[in-house]
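Let's take a walk through a protein model, one piece at a time. Keep the picture open beside you as you read.

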Protein chains: 2
Amino acid sequence: MGHSIASQCNPVEQLLQRVRQAASQLAHSDLKQRNDALKAAAKALRQYEPEILAANAQDIAEAKVSDAFKDRLTLNPSRLEAMAKGLEAIAELPDPLGKIQAKWVRPNGLKIRRVTVPLGIIGMIYESRPNVGADAAGICLKSGNGLILRGGSESYRSAQAIHKAMQQGIQTSGLNPDVIAMAPSSDREHVTHILHAVGQIDVLIPRGGKSLIEFVQRESRIPVLAHAAGLCHTYIHKAADFDMARKIIANAKMRRTGICGATETLLIDQEIASQLLPKIVKDLSALGCRFLGNDQARQIIPDMKIATEKDFATEWLDAVLSVAVMKDIHQALEHIAHYGSGHTEAIITEDESIAMQFLNSTESAVVIWNASTQFCDGGEFGFGAEIGISTGRLHARGPVGIDQLVSYHYEIFGKGQVRPL
Amino acid sequence: MGHSIASQCNPVEQLLQRVRQAASQLAHSDLKQRNDALKAAAKALRQYEPEILAANAQDIAEAKVSDAFKDRLTLNPSRLEAMAKGLEAIAELPDPLGKIQAKWVRPNGLKIRRVTVPLGIIGMIYESRPNVGADAAGICLKSGNGLILRGGSESYRSAQAIHKAMQQGIQTSGLNPDVIAMAPSSDREHVTHILHAVGQIDVLIPRGGKSLIEFVQRESRIPVLAHAAGLCHTYIHKAADFDMARKIIANAKMRRTGICGATETLLIDQEIASQLLPKIVKDLSALGCRFLGNDQARQIIPDMKIATEKDFATEWLDAVLSVAVMKDIHQALEHIAHYGSGHTEAIITEDESIAMQFLNSTESAVVIWNASTQFCDGGEFGFGAEIGISTGRLHARGPVGIDQLVSYHYEIFGKGQVRPL
């Protein structure tokens, strides 16, 4: 669209010109071409397994990070096979492009329809597992978008080896491999180049810790799809089924404590707290969970530490649960409005009207009745794959999959109509 | 959502805290309450006519702007009545909130549905006619969004009088009038406050000249819905119906030259140019249009001025037409990709396969076959009212009406499901 890029532009800008050109072709490719490219990329990941694992071993050997983080960065044959299978699964999904979302005829005879088209160019900055880059590439290929990747410097060699393999695969399928680009080195200045590529990148998707997300949101004027925090609440209403409540909160908190959909705060009605809370504390303690509570919670479980304002505002991402005993649903809704991050909240109750009040009054992306907050996930939604989760309200909210990475345009069919004065 | 605003915040931040609270109530109001508020606001505009016209007269008397601009700022009884009628028309539109956009059941029995909710708080900075503020307020009321308005300093008194009247109307209907706020003075620093209200304003909609839009896009990290430019093309293909082509280009260029959907550049196939172009030049010259052309166009119309690179990149917003004779559709598509602003493009042809090629290959928000580009308008689309037009690809594209000013959330209905390990 007439971007006049100076000839002495930086390496990322140069790369993005090639991405734009390749993406323009990809946008007009047919479904079979895109699916063939996905399958070829999967095949290439398997074919280049030795090179990818060797690059990863070198990353791990040099990475100065915690053992837990190293484990997340480590690739092995089964993790690589899962990445390849992920790409093949994306190939099985229906085409997100060319969908007619709406059509109508105006009184003057003009026919108007709204049709899905790719978003454009996605910029992805991630510091998470190397599979994030492969998943993102698969989702962008399917949805017709160009992509520029910038992985964490600790796993740069792994990301580069994966990227190289996928490009080889895409090339054998006949599509232009430039459509999936990667920052040319692990130089930190390339992050700056990506953040400043206004007009060349249409949306940024950062994946990683809170400080990375906040950095991207603060430094870039390119729109950002992200969740800065997942401070999720589970509220147990007085009309809850106790067995169900125990099962759900154990899963919502402890299934995986490090994911954004994990419950961080339990809100529980005072009418049932003295009966139910001790059971929950027993259940979760057995799973290794620690607790902090408000005054009322500590009257029931005296050896619980006190939860401060700051604790209720903390996304633990760990085996820690903040607990607050609530007067009623109104106090619970106020607590969520004050401390929540707009991600996912659940209510457990057998009372349908209370459940609907909760669902309608909570301003979060996902609101759940009688199930675990950990269901906030593209795969669990049936999206097949996700590139991230958005807590913003513009464009996509909640899990972002291939159907969220599209825009639309209007097609108007006339027979010579002109607009009246 | 837990925004911790310091107690010594600026006046706009203070105002926005009240907007947020009022918007939270508005989001959960029913359709009748919102429609009643719209009708009451319309009534109040009529009731306060003397005050509004007096404030406007004072603005006009002091405004140091061109006569054309003064005319756009001037209110009179019929313009005010049109504003009131506009609000009543919005009250007649169907509810954009609570719409179930999709629903499905997962294999584990979880029922998921995606339901429309308000976007949140809209910030509107405008330097255009005073009615823009009233239209925006009406659209936000209907779609459940809070609004903060900042009109141009030349019409600050008019905007303030309109705002005051509308708030009175909203109050009599029983809704909290804080939901529609206005910057507390015409101080330029309030613009800065609005642009910096990250977390308090969800989307900015600037309306006005290109420099205002670009200023807002450059200075704010809040997402912006806007069109910075409307450099629209009409391409006359060799298989066009000549009479239709003449009628359409006359309307597309000359119906109104100052709107963003006006055609700025005519592309015409060389095979028909020598026959058709002289007729078009004659038609449009009679309407007061001037022309600039590429070399081939000037071979046909020798007294046409030469069109430079810069001319083809210029949105005239005036009775001026750039003309380029094209080899074929490929060259036309390249010209549009290079010079276009992503707004609206039209093709005139009787050849359906060429038309579909054009519609599929143009990356603009609106693509039109055999009709005037001036149809790119919320009213003409049947949206009832528009708050602006977006040339971005994120969230809303093309005309932005009540159905574009919503977000969605997911509601999940379970029976105790937990996520498998």
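Find A:Tyr235 in chain A: its bridge partner in β12(A) is A:Ile347. Those two belong to strands β7 (residues 232–236) and β12 (residues 344–348) of chain A, which pair in the parallel sense over four bridges. Two strands count as paired if DSSP finds at least two bridges between them. The names come from DSSP runs too: helices are H or I runs of at least four residues, strands are E runs of at least two, and both are numbered from the N terminus. In general, strands of a sheet pair through backbone hydrogen bonds, either parallel or antiparallel.

Before going further, a word on what you're looking at: this is a predicted model, where local features need pLDDT of at least 70, side-chain atom pairs count only at pLDDT 80 or more, and totals for chains, interfaces and linings use all residues. Residues are numbered from 1 along each chain as its sequence is written, while chains are lettered from A and ligands numbered from 1 in the order in which they are written.

Now zoom out to the sheet. β7(A) and β12(A) sit in an open sheet of ten strands, ordered β10(A)-β9(A)-β11(A)-β8(A)-β7(A)-β12(A)-β13(A)-β16(B)-β2(B)-β1(B), with mixed pairing. At its edges are β10 (305–306) of chain A and β1 (100–105) of chain B, each pairing on one side only. Helix α11 (residues 270–286) of chain A packs on this sheet, where it touches β7, β8 (263–269), β9 (290–293) and β11 (320–326) of chain A. The direction of α11 makes about 145° with that of β8(A). Such angles run from 0 to 180 degrees between N-to-C directions, with axes being lines fitted to C-alpha atoms, for helices over the stretch in contact.

How many residues does the contact take from each chain? It takes 62 from chain B and 62 from chain A, where two residues are in contact if their C-beta atoms, placed from the backbone, lie within 7 Å. On the side of chain B that touches chain A, β16(B) gives the largest share, eleven residues. That side divides into 27 nonpolar, 23 polar and twelve charged residues. Here Ala, Val, Leu, Ile, Met, Phe, Trp, Tyr, Cys and Pro count as nonpolar, Asp, Glu, Lys and Arg as charged, and the others, Gly among them, as polar.

How do the two copies relate? Chain B superposes on chain A by a rotation of 180° with 0.0 Å of shift along its axis (RMSD 0.1 Å), which is the relation of a two-fold axis. Among the residues of chain B, B:His395 comes closest to the rotation axis, at 1.9 Å (C-alpha).

Next, head for another sheet in chain A. Four strands form an open sheet in the order β5-β4-β3-β6, with parallel pairing. β5 and β6 (203–207) of chain A each have a single partner strand, so one side of each is left without a neighbour in the sheet. Strand β4 (residues 146–150) of chain A is mostly covered, with five of its five residues buried. A residue is buried if 20 or more other C-beta atoms lie within 10 Å of its own, exposed if 12 or fewer, and partly exposed in between, with C-beta atoms placed from the backbone. β4(A) is joined to β3 (residues 121–126) of chain A by five parallel bridges, and A:Ile125 stands opposite A:Arg150. Towards β5(A), A:Ile148 has A:Ala181 as its bridge partner. Helix α7 (residues 156–173) of chain A lies across β4 and β5 of chain A, running at about 155° to β5(A).

Conventions: Copies are superposed by least squares on the C-alpha atoms of residues with pLDDT of at least 70 in both.
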